[in-house]
4 protein chains.
Amino acid sequence: MKKPIRSDIAWSDRTRIVVRGKDLPGEILGHLNLGDMAFLELTGRVPDAKESKLFNAMVVTLVEHGVTPSALAARLTYLGAPEAMQAAVAAGLCGLGSVFVGSTEGVAKMLSETTDINELLERHKRVPGLGHPLHKPVDPRTRRLFEIARETGFYGKYCRAMEEVAKAKNLTLNATGAIGALACELGLDWKSVRGLGVMARAVGLVGHILEESRQPMAEAVWLQVEEEASRHLKP
Amino acid sequence: MKKPIRSDIAWSDRTRIVVRGKDLPGEILGHLNLGDMAFLELTGRVPDAKESKLFNAMVVTLVEHGVTPSALAARLTYLGAPEAMQAAVAAGLCGLGSVFVGSTEGVAKMLSETTDINELLERHKRVPGLGHPLHKPVDPRTRRLFEIARETGFYGKYCRAMEEVAKAKNLTLNATGAIGALACELGLDWKSVRGLGVMARAVGLVGHILEESRQPMAEAVWLQVEEEASRHLKP
Amino acid sequence: MKKPIRSDIAWSDRTRIVVRGKDLPGEILGHLNLGDMAFLELTGRVPDAKESKLFNAMVVTLVEHGVTPSALAARLTYLGAPEAMQAAVAAGLCGLGSVFVGSTEGVAKMLSETTDINELLERHKRVPGLGHPLHKPVDPRTRRLFEIARETGFYGKYCRAMEEVAKAKNLTLNATGAIGALACELGLDWKSVRGLGVMARAVGLVGHILEESRQPMAEAVWLQVEEEASRHLKP
Amino acid sequence: MKKPIRSDIAWSDRTRIVVRGKDLPGEILGHLNLGDMAFLELTGRVPDAKESKLFNAMVVTLVEHGVTPSALAARLTYLGAPEAMQAAVAAGLCGLGSVFVGSTEGVAKMLSETTDINELLERHKRVPGLGHPLHKPVDPRTRRLFEIARETGFYGKYCRAMEEVAKAKNLTLNATGAIGALACELGLDWKSVRGLGVMARAVGLVGHILEESRQPMAEAVWLQVEEEASRHLKP
C-alpha cells in the first residue's frame with residue numbers, strides 16, 4: 001500500500017501563511033524570537049517564558065566554538081566558491097557527527113532510556129557528555145546552564161543523573177552533556193537533539209564566513225598545511 | 001608575504017570562554033536569545049531591544065516555507081543516511097542559491113549602492129525582491145515586517161525605496177525584498193544577508209527532518225517520481 | 001606530543017607533478033583510465049589488466065541507478081542554485097549512507113572478518129548485500145560481475161561465501177553484495193568500499209544535473225509534492 | 001501547464017537494467033571503463049577508442065592535486081563524522097566553485113562563443129585557464145594533454161585559440177585551460193565541463209579520506225591553526 005505524502009508543518013494561500021497552526025505574520029513575527037521559533041519547529045508548540053529562556057540558552061551555547069574543524073571546513077570551502085556561501089555553511093555542517101556534536105544526542109538518548117545511575121554506569125563503558133580537554137574540573141557553560149535550569153524550574157532528574165555519573169567517573173560534565181540532560185528536562189525527542197547543535201552551528205558558521213570574507217585565513221592555512229604535509233616527498 | 005592566520009571571534013582557557021569579547025556564560029547565556037546571538041555574530045555587538053525585535057522577526061520569517069525544494073532535498077537525503085542528519089540539513093542548505101534565498105542578498109547589495117528610484121529602475125531590468133506567485137498584491141509578511149520596522153523606528157529610506165520600486169513595477173514586494181531592505185536599515189553588511197536565510201532555514205530543516213523521522217514521505221515521493229519519470233522508457 | 005601533518009599522496013614543483021610516486025604527465029595520463037586512477041588512489045599501485053577490467057566493472061555498476069533519492073536531491077538543489085552545480089552533486093552524495101550504498105561497505109567489513117558460512121549466519125541476523133525489491137531471484141548485475149570475476153581469475157572464497165549465504169537465506173545476492181565480495185577479492189580495505197559508490201555516483205549525478213539543465217523536472221516534482229503534502233491542511 | 005516529470009537516463013524491470021539505451025550487464029559492464037561511462041553519461045553515447053583515450057586523460061588529470069583546500073575540508077569533516085564518509089566527500093566538493101575548478105567551465109563557455117583571438121582578448125580582460133603559481137612557463141599537464149590530443153586527432157581550433165591567447169598574454173596555459181579547450185574539441189556541452197572536475201575530484205577525495213583514516217592529519221591541522229589564529233586574543 002502506498003504511503004501518504006503528507007506534511008503537517010505549514011500551508012499558505014493568497015493572503016495567509018500558517019506555520020504549525022499559527023498565523024505567521026499575526027502570531028509569530030514580532031512575538032517569537034529565533035530560539036522560540038526553533039522550539040515551535042521541534043515541539044509543535046510555542047514555549048512559555050521559562051522554556052524560552054532555557055531553550056535559547058541551550059542553543060546559544062552551541063553557536064560559537066571558535067576555530068573548529070567545522071569552521072575551518074567552511075572557510076576552506078568559501079575560498080574556492082565565494083559565490084555559494086550556503087555551500088560553505090553546508091560543508092561546515094557535514095562534520096557535526098558522532099565525534100563532536102553527536103554526544104549531545106547520545107546523552108539525550110541514554111537518559112531517555114534510564115536515569116538510574118547504576119544502570120547508566122553498567123550500560124555505558126564510555127558515557128557521552130563527560131570529559132573536556134580544557135575545561136576541568138568544571139565546564140563554565142554547564143554551571144551556567146544548570147543555574148538557568150534552576151531559575152526556570154527545569155533542574156530535575158536528568159540533570160541530577162548526569163551530575164552523579166560525572167562525579168562517579170571523576171570527569172567534567174561538559175556542555176554537550178548538560179544540554180543533552182536539559183533537552184530531556186524540556187521533553188524534547190532525543191532524535192531532535194543533534195539538530196540543536198546543527199541549527200546553532202549554522203548561525204556560527206555564517207559568522208565565520210563573514211569574517212573570512214573580510215579577513216581571510218583559509219588560503220594561508222592551505223598553503224602552510226600543504227607545504228608542511230608534502231615537504232618530506234620533495235627531492 | 002605570508003598572510004596572517006587570525007580570527008577575532010572567540011577564545012577560551014581553562015575557566016573562561018569569550019565570544020566576540022563577551023563572557024559566554026556570564027554575559028551571553030540567559031541574556032541573549034538565538035536571534036540576538038546571530039546579530040552578535042554578524043555585527044560584533046549585542047542588539048538593543050528594538051534591533052532585537054526587528055532582527056528576530058526577519059530571521060524568523062525565513063525559517064519555514066513548508067515543503068520547499070530544500071526541505072525535499074533534506075528529506076530525501078535523510079532517507080538514505082538517517083544516521084547523519086547533519087548531512088541532510090547540509091544537503092537542504094546547498095540549494096539556497098541565486099534562485100530562492102539569494103534574492104535577499106541581491107536586494108541588500110542593490111540598495112547599498114543606491115536608493116534613488118530612477119537609478120534603481122535604470123540599473124536593474126529585473127529588480128530582485130519583487131513578485132510572488134501566490135501572495136498578490138500584498139505579501140502579508142512584508143506588511144507585518146514593515147509594521148514592526150515602524151514600531152521599532154527602523155522604517156527608513158531603504159524600505160521606502162523598495163516600496164516605490166514595487167509600485168513602479170506593479171509587483172508584490174515579497175518577504176525577501178522586505179528583509180533585504182531591513183538588513184540595510186539595520187546596517188548589516190550585504191555580504192552577510194544571504195546568511196540570514198541560511199541560518200534560518202537550518203532551523204526549519206531540522207524541523208522537517210524530525211517530521212520525516214516520525215511521518216516519512218521521502219520514500220513515497222521517490223517511488224512516485226521514479227515511476228512517473230521513467231514510465232515512457234519501459235517497453 | 002604533536003602528531004605530524006603529513007600526506008604521501010602527491011607533490012609537485014615547477015616542472016614535475018608526482019601522484020602516488022608516478023609522474024602524472026609521463027606515467028599516468030594516456031596510460032590509466034579513470035577507474036585505474038581510482039584503483040591507484042585506493043591501493044597506491046597501478047592495477048594490472050585483469051584488476052583493471054574487474055575494478056572498472058565494479059565502479060561502473062554503481063554509476064547510474066536512475067531517478068534515485070540521491071539524484072532527486074541533486075536535481076532539487078540545482079533548481080535553487082544552478083550557479084553551483086558542485087553543491088548539487090554534494091547534496092546528492094550526502095544521502096549515500098547506511099540505507100543504500102552503505103551495504104557494500106557492510107558486506108566487505110563482514111567478509112573481512114570471516115568467510116565461514118555458519119559464523120556469518122550466526123553473527124548477522126540481517127546479512128547486508130541480500131535482497132532486492134525488483135531483481136528476483138537473480139540480480140543481473142551480480143551474474144555479470146561474477147562472470148567477469150571468473151574471466152579475470154578473481155572469483156574466490158568471498159564470492160562463494162556470499163553466494164552460499166544468499167542461498168541459505170533464499171534471497172537475491174544483489175549488486176552491492178557482489179561488489180562488497182569482489183572488493184575483498186581484490187584486497188581492498190573495507191574502509192574504502194563505501195568510497196566506490198561515492199565516486200561512482202558522483203559521475204552519475206553529473207549526468208542527472210546535465211539532463212536537469214536541459215529537460216528540467218525538479219520544479220514539477222516540487223510543485224506536485226507540495227500540493228499533495230499540504231492539501232489536507234488547507235481550509 | 002504542468003511540466004512533465006521525465007528522465008531518459010535509465011530504467012529497469014525484473015530482469016533488465018538499461019542505461020542510456022544500453023543493457024547495463026550485457027553492453028556496459030566489462031566493456032566500458034569508468035571514464036567511458038562518464039562520457040556516456042554526458043553525451044548519451046559510447047566513446048570510440050580515441051575519444052576514450054583523450055577523455056580519460058582529461059578527467060584523470062583532475063583527480064589529484066594533493067593537499068588542496070577541498071581535500072582539507074573533506075579531512076576536517078571526516079574528523080568529526082567518520083561514520084559518514086560520503087558527507088566528507090560532499091564537503092570537499094562544495095568548494096569546487098568559481099576560484100579553482102570553475103575555470104575549466106569558463107574556458108569551455110568562452111571558446112563555445114568564439115575562437116577568434118582578437119575577440120577573445122577584447123571580451124575577456126582576465127582570460128580563464130591562464131596562469132599558474134608554480135608551473136611556469138609550461139604546465140606539464142597541458143603539454144601532455146595536447147600531445148594526446150594530437151595522437152588522437154583532436155588537436156584543433158579550440159586548442160590553437162587557447163595557445164595563441166596564452167602566448168599573447170605571456171601566461172602559462174594551465175591544465176584547466178587545456179581541458180576546457182579539449183572539452184570543446186570533443187563536442188561536450190560547456191554546461192557539463194565543471195562536472196568533469198567534480199566527478200574526478202570525488203575520486204581523489206575518497207583517496208584522501210582513506211589516507212586520513214590510516215594516517216590522520218586533520219586533528220593536528222585543527223589544533224595548530226586554532227592556536228595560531230586565537231593566540232592574539234588570549235591574555
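1. The model is predicted, with local features requiring pLDDT of at least 70 and side-chain atom pairs pLDDT 80 or more, while totals for chains, interfaces and linings use all residues. Residues are numbered from 1 along each chain as its sequence is written, chains are lettered from A and ligands numbered from 1 in the order in which they are written, and side-chain values use heavy atoms, with hydrogens and water left out.

2. The interface of chain A and chain B draws 87 residues from chain A and 87 residues from chain B. About 7000 Å² is buried between these chains, 66% of it on carbon and sulfur atoms; buried area is the accessible area (1.4 Å probe) that two parts lose on being put together, summed over both. On the side of chain A, the residues losing the most area to chain B are A:L29, A:L34 and A:Q86, which together account for 10% of what that side buries.

3. Between chain A and chain B there are 4 salt bridges, a salt bridge being a side-chain nitrogen of Lys or Arg within 4 Å of a carboxyl oxygen of Asp or Glu. In one such pair, A:K3 and B:E219, the closest N and O atoms are 3.2 Å apart. Helix 11 (residues 193-214) of chain A supplies the largest share of the side that touches chain B, 14 residues; helices (H or I, at least four residues) and strands (E, at least two) are DSSP runs, numbered from the N terminus.

4. A:R214 also forms a salt bridge with B:D189, with the closest N and O atoms 2.9 Å apart. This pair crosses between chains, from helix 11 of chain A to the loop between helix 10 (175-185) and helix 11 (193-214) of chain B. B:D189 is partly exposed, at a relative accessible area of 23%; buried means under 20%, exposed over 50% and partly exposed in between (1.4 Å probe, protein chains only).

5. Over all chains, the count of salt bridges is 61. Within chain C, C:R20 pairs with C:E41 at 3.5 Å between the closest N and O atoms. The two lie 21 residues apart, C:R20 in the loop between strand 2 (17-19) and strand 3 (22-23) and C:E41 in helix 2 (residues 34-43). C:R20 counts as buried at 19% relative accessibility, and C:E41 is buried at 2%.

6. C:R144 and C:E151 meet through their side chains in a salt bridge (3.8 Å, N to O). C:R144 is buried at 10% relative accessibility, whereas C:E151 is partly exposed at 44%. In chain A, a network of salt bridges links A:K53, A:R144, A:E147 and A:E151.

7. D:W222 lies in helix 12 (residues 218-230) of chain D and is buried, at 16% relative accessibility. Beyond its neighbours within four places in sequence, D:W222 is in contact with A:V67, A:T68, A:P69, A:L72, A:F100, D:L76 and D:L79.

Definitions and conventions:
Contact = heavy atoms within 4.5 Å.
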